[in-house]
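Let's take a walk through a protein together.

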Amino acid sequence: DLSGRGRRRSDAMRAASKGTGKDRVGRSSKGRRGCPSAPRPTASRAGADGRQRVVGARSSVTPSSSSSSDVKATDFLRSHLKTLAPYTPIEPFEVLSQKLGRAPGDIVKLDANENPYGPPPAVLEALGTMRFPNIYPDPECRRLRGLLAEYVGVPAENILVGCGADELIDLLMRCVLDPGDTIIDTPPTFTMYAFDADVNAARTVQVPRLDGFRIDVDAVCDAVLEHSAKILFVTSPNNPDGGVISDADLKRLLDLPCLVVLDEAYIEFASEESRSGWVLERENMVVFRTFSKSAGLAGLRVGYGIFPTDLITYLWRAKQPYNVSAAAEVAACTALENVEYMNTIRDLLVGERGVMMRQLETISYLEPYKSHSNFILCKVKEGMDAQDLKQRLQDRYGVMVRHYNKALLKGYIRISVGMPEQTQILMAALRDIDDDH
């Protein structure tokens with residue numbers, strides 16, 4: 001019978017293996033890599049047919065404490081990460097509420113350029129009735145990319161969606177940069193470029209901006225050529241000052257032998273048109289955009305990039321398959337189906353930006369900069385310390401503004417544009433401090 005034949009075959013295999021030094025799958029009886037192996041404990045167990053079968057038992061041999069005491073997890077860490085400075089994020093409402101002893105509704109949060117109005121109401125309704133949350137999301141975000149193609153005016157084939165634009169910045173670097181390669185940064189600007197370069201063992205060459213936070217185009221051109229830079233990052237409108245780059249300057253940069261990444265996270269608040277369509281004509285250009293600002297979806301993390309056709313092929317290969325959650329895609333799609341609402345909120349914020357600008361100009365110790373975004377950068381004049389001002393606004397009035405502990409921005413604060421009632425609370429606090437000053 002079959003069981004008899006099986007036993008005879010097994011007996012034959014055992015006999016053939018005797019004296020060969022190999023078990024029946026071809027491994028050395030000394031164990032892997034020639035190391036002696038302990039005898040494997042065995043036990044007998046009755047099968048369904050009542051016969052006793054020998055089965056493997058869990059080994060009683062444990063690693064000695066002396067052999068593992070000198071091994072640490074950090075021994076295996078990539079060496080360049082051991083000196084990596086952590087990114088400093090903004091604290092969320094819950095943490096701020098506990099720290100300040102204030103209810104979240106009593107905090108005027110103007111430190112992270114978030115949209116105070118939130119997403120279109122239809123987004124919350126769509127999330128509440130979302131189907132199939134138990135199923136993995138579409139790895140290609142096909143529906144969202146189709147809607148983005150209409151919104152941006154480029155083919156869906158040139159669009160890649162990420163878990164925020166931050167993910168796409170890192171993805172691009174992982175695909176383009178080898179360790180030791182160079183990127184060009186133009187501080188003060190969005191600090192994630194230099195941070196991600198550090199994570200990817202790349203080198204950042206900084207070309208500081210000119211007075212008024214204008215890009216030093218001549219110096220950037222020299223730096224790209226001198227250091228054989230692979231990627232140049234340009235933010236327009238720029239964070240933290242809200243300035244924009246001219247067409248002429250951008251075209252000069254695009255003539256350089258490097259990949260030019262234009263970050264347009266705040267473009268909806270500018271009077272200038274997006275340059276997303278330029279990617280179709282420029283093989284060395286990438287544009288990043290986001291749903292965090294004008295769409296009010298910062299908490300759901302949805303960003304997207306417009307890439308040249310030949311480059312995007314390799315990004316598709318390297319990206320995580322389910323990088324955008326089903327909820328995030330539902331929210332982004334619904335927002336794009338309610339563009340009129342987003343445009344209305346944008347107009348409210350742009351209008352409030354003008355109101356806030358005029359009022360900030362009346363504060364004796366502040367010098368606000370013209371902005372094309374949803375925030376205003378203010379220089380804190382002599383006689384007032386910027387860090388102290390930020391702390392007083394937070395502790396005494398519950399008003400959160402951004403201060404950077406960096407050399408180029410130590411004397412500045414950045415204030416996000418909020419609702420009219422938030423502007424009133426902010427200005428009352430600033431005037432109160434002005435009276436004391």
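In which sense do E11 and strand E12 pair, and over how many bridges? Find the two in the picture, and keep in mind that this is a predicted model. E11 and E12 (residues 375–380) pair in the antiparallel sense, over three bridges. You can pick out some of the partners yourself: Pro368 has Cys378 in E12 as its bridge partner, and Leu366 has Val380 in E12. To get from E11 to E12, follow the chain through a hairpin of six residues.

Now look at what else E12 pairs with. Five bridges join E12 to E14, and these two strands run antiparallel as well. Here Phe375 stands opposite Ser416 in E14.

Put together, the three strands form an open sheet in the order E11-E12-E14, with antiparallel pairing. Its edge strands are E11 (366–368) and E14 (412–416), each of which pairs on one side only.

Is E12 enclosed or open to the outside? Five of its six residues are buried, so E12 is largely enclosed by the rest of the structure.

Next, let's see how some helices meet. Start with helix H12 (residues 339–360) and helix H14 (residues 420–436): their axes come within 11 Å and cross at roughly 10°. Angles under 35 degrees count as roughly parallel, and therefore H12 and H14 are roughly parallel to each other. On the H12 side, the residues that meet H14 are Glu352, Met356, Gln359 and Leu360, while H14 brings Pro420, Thr423, Leu426, Met427, Leu430 and Arg431. Sorted by class, this contact has six nonpolar, two polar and two charged residues.

Helix H6 (residues 164–176) and helix H10 (residues 309–318) make another pair. Their axes come within 10 Å and cross at roughly 105°, so H6 and H10 are roughly perpendicular to each other. Leu171, Leu172, Arg174 and Cys175 of H6 make the contact with Leu311, Tyr314, Leu315 and Ala318 of H10. By class, that gives seven nonpolar residues, no polar ones and one charged.

A disulfide is a covalent bond between the sulfur atoms of two cysteines, so distance is the thing to check. For Cys221, the closest cysteine sulfur is in Cys258, 8.8 Å away, which is too far for a bond. Cys221 is also buried, with a relative accessible area of 11%. Cys333 is in no disulfide either, as the nearest cysteine sulfur, that of Cys141, is 8.0 Å away. At 0% relative accessibility, Cys333 counts as buried.

Finally, step back and take in the whole chain. Its secondary structure comes to 14 helices and 14 strands, and of its 437 residues, 45% count as buried. Among contacts with a separation of 6 or more, 69% come from residues 24 or more positions apart.

Note on methods:
Residues numbered from 1 in each chain as written. Predicted model: local features only at pLDDT ≥ 70, side-chain atom pairs only at ≥ 80, totals over all residues. Heavy atoms only, no water. Axes fitted to C-alpha atoms, helices over the stretch in contact; angles between N-to-C directions. Helix = DSSP H or I, 4+ residues; strand = E, 2+ residues; numbered from the N terminus. Parallel < 35°, antiparallel > 145°, perpendicular 65-115°, else oblique. Contact = heavy atoms within 4.5 Å. Nonpolar A, V, L, I, M, F, W, Y, C, P; charged D, E, K, R; others polar. Pairing = 2+ DSSP bridges. Disulfide = S-S within 2.5 Å. Buried < 20%, exposed > 50% of the residue type's maximum accessible area, 1.4 Å probe, protein only.
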